[in-house]
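This note is written for a colleague who is meeting the structure for the first time. The numbered points may be read alongside the sequence and the model.

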Amino acid sequence: MSLHEDENRTTRRSRGARLTRRGLALAGAGAVLATMASAAPASAATGEGCTRIQSGAGALCVEWDAQTSKYLNTITGSFTSAWGVGNPRLHVRVLDAQNREMFGRERSWGGRRHDEGARFEVTIMMPRDAARVCASLYEAGGLLDTACSPVIT
């Protein structure tokens, strides 16, 4: 083998090693991303319930997603209103079969609002199976209406 052939073979070998290291690094980065994506909780079930408010000029809705009836991921309450809701407060909650509240959060806004929503992460395991998820809308402190959705997983 000539000196020139030996140099070419060494160059090809080192280039191949660099490519292999790059490939491994990219594969490793892909594995990390796949692991991070799979770490997010998967939803086994979702639900939604809406009701009309203000004589049909608007709607109040609640949405949820869960892994089991004891482990909900998120609850979202939202409303739309052509007339607007003055100083609205949105209260979402998880209820058991006896209508006992096991989890609740709320969000409020000032002024007249026409379209708002609030999403809440549920960070606890329920002590009992959830029967329904509800969102109540208050206008200036008074109850406007409530929308519920049964929890079926």
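1. A disulfide is here a pair of cysteine sulfur atoms within 2.5 Å. By that criterion the structure, which is a predicted model, holds two disulfides. Counted along the chain, the bonded cysteines follow the pattern 1-2, 3-4.

2. The mean pLDDT of the protein is 83, and 73% of the residues reach 70 or more. Residues 16–39 have a pLDDT below 50.

3. One of the disulfides joins C50 and C61, with the sulfur atoms 2.0 Å apart. C50 lies in strand β1 and C61 in strand β2, so the link ties together parts that are eleven residues apart in sequence. The angle about the S-S bond is 115 degrees, and the link of C50 and C61 is right-handed. Are these two cysteines buried or exposed, or something in between? C50 has a relative accessible area of 47% and is partly exposed, whereas C61, at 13%, counts as buried.

4. β1 and strand β2 (residues 58–66) are antiparallel and share nine bridges. Within that pairing, the bridge partner of I53 is G58 in β2.

5. What is the order of the strands in the open sheet? The sheet has four strands in the order β1-β2-β3-β6, and the pairing is antiparallel. Its edge strands are β1 (45–53) and β6 (112–121), each of which pairs on one side only. Direction ignored, neighbouring strands of this sheet are turned by 10 degrees against each other on average.

6. A hairpin is formed by strands β4 and β5. Strand β4 (residues 88–95) and strand β5 (residues 101–108) pair in the antiparallel sense, and seven bridges connect them. R89 has S108 in β5 as its bridge partner. Five residues lie between the two strands of the hairpin, and N99 takes a positive phi near 65 degrees.

7. With a relative accessibility of 13%, H91 counts as buried. Leaving aside neighbours within four places in sequence, H91 is in contact with E101, G104, R105, E106, C134, A135, S136 and Y138.

8. C134, one of those contacts of H91, forms a disulfide with C148, and the sulfur atoms are 2.0 Å apart. C134 lies in strand β7 (residues 132–139) and C148 in strand β8 (residues 142–150), so this pair ties together parts that are 14 residues apart in sequence. The disulfide is right-handed because the torsion about the S-S bond of C134 and C148 is about 105 degrees. C134 counts as buried at 1% relative accessibility, while C148 counts as partly exposed at 34%.

9. How many salt bridges are found? The count comes to five. One of them joins D96 and R100, with the closest N and O atoms 2.8 Å apart. D96 is buried, with a relative accessible area of 1%; R100, at 41%, is partly exposed.

10. D96 also meets the side chain of R128 in a salt bridge, at 2.7 Å from N to O. This pair links distant parts of the chain, because R128 is in the loop between β6 and β7 and D96 is in the loop between β4 and β5, 32 residues apart. R128 is partly exposed, with a relative accessible area of 31%.

11. A further salt bridge is formed by the side chains of E116 and R113, at 2.8 Å from N to O. E116 counts as buried at 18% relative accessibility, and R113 counts as partly exposed at 28%. By contrast with this pair, salt bridges that share partners join D96, R100 and R128 into one network.

How values were computed: Residues numbered from 1 in each chain as written. Predicted model: local features only at pLDDT ≥ 70, side-chain atom pairs only at ≥ 80, totals over all residues. Heavy atoms only, no water. pLDDT = per-residue confidence, 0-100. Contact = heavy atoms within 4.5 Å. Pairing = 2+ DSSP bridges. Axes fitted to C-alpha atoms, helices over the stretch in contact; angles between N-to-C directions. Buried < 20%, exposed > 50% of the residue type's maximum accessible area, 1.4 Å probe, protein only. Salt bridge = Lys/Arg side-chain N within 4 Å of Asp/Glu carboxyl O.
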